[in-house]
Amino acid sequence: MIRYLKRGASATALAEADAKVRSTVEGILKDVEANGDAAVRRYSQQFDQWDPADFTLSQAAIEAAVKQLSPRELEDIRFAQDQVRRFAQIQRDSMKEVEVETLPGVVLGHKHVPVNNVGCYIPGGKYPLIASAHMSVLTAKVAGVKRIVATAPPYQGAPHPAIVAAMHFAGADQILVLGGVQAVAAMAIGTESVKPVDMLVGPGNMFVAEAKRQLFGRVGIDLFAGPTETLVIADDSVDGEICAVDLLGQAEHGPTTPAVLLTTSEKLARDTMAAVERQLERLPTAGIARQAWAVHGEVIVCDGDEEMLAEADRIASEHVQVMTRDPDWFLQRMTNYGALFLGPRTNVSFGDKCIGTNHTLPTNKAARYTGGLWVGKFMKTCTYQRVTTDAASAAIGAVCSRLCHMENFAGHGEQANIRVRRYGQQPDLPWYQPVPAQG
């Protein structure tokens, strides 16, 4: 029997952008489409107090930003990128192209074709999310994307040097210092100074997420992103202190972040709740984390692992930290999650920053039908066919003709019929009539 020691706000309510956000975003997108760079500059001034001569960083400006970082900072960025690049390349190598003769003379196949142009949004207003550059730009580069535009808002009135360095090292072809809806609009719609892209990726606030939603279809996107989510699945093999750390480590993302503990131990549940309160007294980001925990935190006690499994799949959280005696039991059985973090030695922060897996993951229960950003998201799996013999063309054509006429598609049927006439030696075959079955 599931027991809630603490309930949070409805996830459905969190997912619904309010009318004001939708209207604001719609207006900005229309303005950028009509007025290009002038509109982008106006919104940059209004929202970020940022009005440079050029939103695109020059090579000299990029080099100057890199020089602001210490050798240790540069080494750490490169370490993180090495891990992300290595795993992305392994994923890319797992994607095999196929070609097979399914019938004599009939050859089918598929190729993995990279998207040509990608725009990567790296959040940097409240927190400079350096790792988002690795996750988006670098992964797109491994996929073979020809042109990558990367953008991040100014941080405290200037380009953030570590974000710039990360975008540059990851392989961005154009680096913009531009934030918010205006940045997403510039990349997707195009302006005098930014050629449009074919796909947008990267997390952002509710306005950026809504802009991606409204632009979907005009361009591709990675995910419909909501507030970051974390779920800790634990039994009494761990203590409340580590559970509290892992909950608050994600709750600091924002005041609408759901942080949920799922456990078979009521003692652990209560110990964790007490530890959360103790840690909030000294956590530097407690102003945000406390609000997230108060409104959206949950503590759920279950009677066994099977009940925890069912509840975890119902929640379908973005991040799932499993700290039980046998975390692989959940790895083998869970179906709805963005990413799993198995055992107490790992955690969501490792995945967010440097271990090598991608941190752009599904939220708002989207884990029921999609995984997160990976190299395959930047690839289009495109099929092709080849018919190499007259006999195969005529044989497939005869079946196709009859199926087309079952659907009343005479024109489609004639595409098949003409092949039967030319390659099957049936010159008297009537136009637009189904090919009769032989025998």
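Entry 1, a loop residue. I began with Asn 364, which sits in the loop between α14 (348-353) and β14 (379-387), where helices (H or I, at least four residues) and strands (E, at least two) are DSSP runs numbered from the N terminus. Asn 364 is not a glycine, yet its phi is positive, about 55 degrees.

Ground rules. I noted that this is a predicted model, in which local features need pLDDT of at least 70 and side-chain atom pairs count only at pLDDT 80 or more, while totals for chains, interfaces and linings use all residues. Residues are numbered from 1 along each chain as its sequence is written, and side-chain values use heavy atoms, with hydrogens and water left out.

Entry 2, the sheet. I traced an open sheet of 6 strands in the order β1-β11-β10-β9-β12-β13, with mixed pairing, taking two strands as paired if DSSP finds at least two bridges between them. Its edge strands are β1 (3-6) and β13 (339-342), each of which pairs on one side only. From one strand to the next the twist averages 20 degrees. I followed β12 (residues 319-323) to β13 and found the two running parallel, joined by 4 bridges, with Val 320 opposite Leu 340 in β13.

Contact means heavy atoms within 4.5 Å.

I checked the length of α16 (residues 410-424): its 15 residues should span 21 Å at 1.5 Å a residue, and its end C-alpha atoms are 19 Å apart, which agrees. The expected span is 1.5 Å times one less than the number of residues. Buried in α16 are Gly 413, Glu 414, Ala 416, Asn 417, Val 420 and Arg 421, and what covers them includes α15 (390-406). After α16 comes Gln 425, with a positive phi near 55 degrees.

I searched the whole structure and found 4 aromatic pairs, counting rings of Phe, Tyr and Trp (its six-membered ring) with centres within 6.5 Å, where planes under 30 degrees apart are stacked, over 60 edge-to-face and the rest tilted. Among them, Phe 216 and Phe 224 have ring centres 5.5 Å apart and planes at 80 degrees, so this pair is edge-to-face. Trp 431 and Tyr 432 also form an edge-to-face pair, at 5.9 Å centre to centre and 65 degrees between the planes. Trp 431 is exposed, with a relative accessible area of 54%, whereas Tyr 432 is partly exposed at 43%. Tyr 432, in the segment after α16, has a positive phi of about 60 degrees although it is not a glycine.

Which ring does Arg 421 lie over? I found Arg 421 over the face of Trp 431, at 4.8 Å from the ring centre, and Arg 42 over the face of Tyr 43, at 5.5 Å. The criterion is NZ of Lys or CZ of Arg within 6 Å of the ring centre and within 35 degrees of the ring normal.

Note on methods. Axes fitted to C-alpha atoms, helices over the stretch in contact; angles between N-to-C directions. Buried < 20%, exposed > 50% of the residue type's maximum accessible area, 1.4 Å probe, protein only.
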